[in-house]
Structure formats: structure tokens, C-alpha cells
Amino acid sequence: MQLKIYKSFDRELESIWVEFEKTAIGTPFQYYNWLSHWQATVGRPLYSIEPYIITVKNNEQVLAIIPLGIRRSMGISILEWIGGINADYMGFLFHSEWIWKYNDFHKLWKEILDNLPAFDLIHLQRQLNKIRGFDNPFANQFTRPHNTKSYQTTLEPSWDNHYQTRLKKKIRADSRRQRHRLEQLGQLQFLVAEKRKQKSEIIKVMMQQKSHRYQDTGVWNMLAVPEYQKFYIGLANLNYDHNKVHCSALLVDKIMIATHVGLVDRDTFYYTMPAHKGGDWKRFSSGRLLLENLMEWSIENNLKYFDFTVGEELYKKIWCDTETQLFETFQSITLKGRIYILGQF
């Protein structure tokens with residue numbers, strides 16, 4: 001196998017990466033458009049992350065793309081996956097026919113580390129144990145379970161059947177009642193943005209709604225940071241045939257009472273940034289109603305899975321049939337790294 005390390009998201013790497021991801025095993029959070037955009041808006045300006053992106057080839061066949069970066073924090077240099085908190089799943093892309101073996105993978109990983117500059121510790125987060133049914137060698141060999149889970153549901157061919165079997169009668173009745181109440185206030189509309197301008201409008205409203213929610217609950221407001229604002233606003237420009245940024249809203253007349261920004265990749269809908277309008281609108285359960293519309297849309301568009309991604313909110317557990325434990329790696333390389341890890345526990 002041949003390794004090559006790229007220290008920037010250049011055109012040569014883009015050409016290799018975009019072609020590979022069309023058939024590679026992974027998640028859209030490891031695609032070129034997502035990570036290059038994140039690095040340009042957040043990774044470099046906010047955290048001064050130095051990218052070290054490794055391509056693994058067997059002759060001319062790409063076997064893997066491994067997007068790593070080195071970040072410095074409190075005098076410690078940390079090797080980590082690129083993508084930060086905006087990558088719900090972190091890791092790498094690999095070829096479906098690359099059957100890795102324990103010893104071979106460890107040799108590959110050692111060779112990668114030997115070719116990187118010095119750092120104090122390795123911290124790889126939010127790693128799936130299996131990716132589309134394939135074992136993830138990083139999660140299987142180096143890690144331990146983390147206290148983070150994600151939830152997924154397998155979509156039925158029929159929305160009516162899915163809705164009837166997944167939700168209790170009481171919740172379905174309440175959704176009907178809420179829709180009826182909203183229809184009395186104005187025209188109720190489910191909107192999926194098709195053009196960039198519509199996407200931009202929904203993203204901006206989502207950011208406003210989410211910011212209010214963060215402030216009301218006392219949670220750190222990521223969206224008050226200019227770099228994160230640029231990241232989300234720029235998502236309206238990202239779009240490939242196999243990977244689309246999906247922006248949607250539930251409106252009463254022209255008022256967006258709930259919004260969502262997520263991803264559609266192949267046969268899966270990724271539910272990532274839901275938000276809803278507060279104040280007097282809060283009592284209408286608009287977030288739940290939009291979620292129902294999104295699931296129905298997913299089934300109508302022949303998707304097979306609805307992934308709620310990271311987070312253990314109760315409403316996810318109500319819908320889902322699969323619970324996934326995420327894994328992380330904490331490995332010290334130097335004394336400073338060991339001290340840093342001790343401070344985390």
C-alpha cells in the first residue's frame with residue numbers, strides 16, 4: 001500500500017476524494033465538500049487546525065481517505081478527526097473491498113503516525129463501530145465506548161404503516177389536533193428548499209431559532225460565534241448528486257414556525273439541526289410536526305433509513321428501532337498528553 005499525506009484541501013486531493021466518496025463506505029460528514037468547508041470556516045480560523053489527510057492506495061486503486069488534523073490546546077498538540085462538533089459521526093472513508101486484518105491495519109496506522117509531525121496525544125471521537133454494515137477498524141481496535149449514543153429508524157415502504165406502528169395513538173391524535181389548530185391560524189405548508197436562496201433563508205431562520213433556544217436553556221450558543229455562523233450560512237452552497245444539504249420548514253402563511261437543516265446521502269436522511277419558533281408558537285409542537293413531514297418525505301423519496309445522529313433526546317427513542325454506541329480513542333504519546341488525559345476524568 002502507498003500513503004500520501006496532503007496538508008491542504010487542494011485540487012488534486014479534491015479530484016481523488018470526490019470520485020472516491022461516490023462509492024466509498026463512510027458518512028457524509030467525511031465528504032470533501034463538508035470537511036473542506038468546515039476547515040475553511042471553522043477549523044483553520046477558529047482552532048488553527050493543521051490538516052494531515054492521508055490517501056491509501058494499492059497501485060492506482062484508492063483504499064481509504066483518512067482526514068486527520070492536529071490542533072493545539074493549552075499547550076498540548078492533539079491528533080484528531082477533522083470536523084469538530086459539526087461532524088456528528090467522525091472517521092474515514094474506505095473501499096468496500098478493502099478487507100483489513102488486525103496486524104495489517106496496525107502496521108498501516110503505525111506508518112501513518114511515523115509520517116506525521118510530533119504531537120502529545122490522540123483523541124478520536126464519535127466513531128461508529130460499524131459503517132453501513134462494515135467493521136470500523138478504528139473503533140474495533142483502539143477505542144472504548146463513550147457516553148454518547150445515536151439513534152436510527154428503518155423506514156417502512158408506506159408512511160401510513162410507519163406512522164401507525166412507530167407512534168402511540170395518543171401522540172398521533174395530538175399531532176392531528178395541533179395541525180388542525182395551526183390550519184385555523186393560516187395556511188399550513190411543509191416546504192423543502194430546492195434553490196440556494198430558499199436554503200439560505202431557512203438556514204438563517206434556523207440559526208435564529210436555535211440561538212434563542214440555546215439562550216433560554218443556558219446552553220453554550222455555538223451560533224453566536226462568527227466562524228460557526230459562516231459554516232452554517234455556507235451550507236446553502238454545498239451540493240453533490242450523491243450528497244445534498246436538505247433545508248426544510250413548516251410555515252403558517254409566511255411564518256416559519258419550525259425549521260431543519262440536515263443531509264441526504266444515498267438511502268439515508270441525517271437529522272442534524274432542528275429548531276422551532278418559541279413564544280406563543282411553542283404550544284403547537286411544531287418541531288414534532290415538521291419531523292413527521294420529514295419522515296414522510298423520506299419514504300416518498302425512497303430512502304431506507306432516518307438517522308437522528310448524536311443525542312439521546314426522548315423523542316428520538318420513541319421513533320427509533322436502532323441504538324448505536326459511539327466510540328472514542330484517548331491515547332497519550334508524551335507526558336504532557338498523559339497529564340491532559342488525567343485532567344479529563
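Modeller: Helices (H or I, at least four residues) and strands (E, at least two) are DSSP runs, numbered from the N terminus. This is a predicted model, where local features need pLDDT of at least 70, side-chain atom pairs count only at pLDDT 80 or more, and totals for chains, interfaces and linings use all residues. Residues are numbered from 1 along each chain as its sequence is written, and side-chain values use heavy atoms, with hydrogens and water left out.

Biologist: Thanks! Where is Asn 59 found?

Modeller: Asn 59 has a phi near 60°, a positive value in a residue other than glycine. Most residues other than glycine have a negative phi. Asn 59 sits in the loop between strand E2 (50-58) and strand E3 (61-73).

Biologist: Buried or exposed: what does Asn 59 count as?

Modeller: Buried means under 20% relative accessible area, exposed over 50%, and partly exposed in between (1.4 Å probe, protein chains only). Asn 59 has 57% relative accessibility, so it counts as exposed.

Biologist: And what does Asp 253 count as, with its 41% relative accessibility?

Modeller: Asp 253 lies in the loop between strand E12 (243-252) and strand E13 (255-265). Its phi is positive too, at about 55°, although Asp 253 is not a glycine. At 41% relative accessibility, Asp 253 counts as partly exposed.

Biologist: How is H2 oriented relative to H8, parallel or antiparallel?

Modeller: The axes of H2 and H8 come within 9 Å and cross at roughly 170°. Angles under 35 degrees count as roughly parallel, over 145 as roughly antiparallel, 65 to 115 as roughly perpendicular and the rest as oblique. H2 and H8 are therefore roughly antiparallel.

Biologist: Which residues of H9 make the contact with H5?

Modeller: The axes of helix H5 (residues 159-166) and helix H9 (residues 286-300) come within 9 Å and cross at roughly 135°. That angle makes H5 and H9 oblique to each other. From H5, the contact uses Trp 159, His 162 and Tyr 163. From H9, the residues are Glu 292, Met 295, Glu 296 and Ile 299.

Notes
Axes are lines fitted to C-alpha atoms, for helices over the stretch in contact, and angles run from 0 to 180 degrees between N-to-C directions. Contact means heavy atoms within 4.5 Å.
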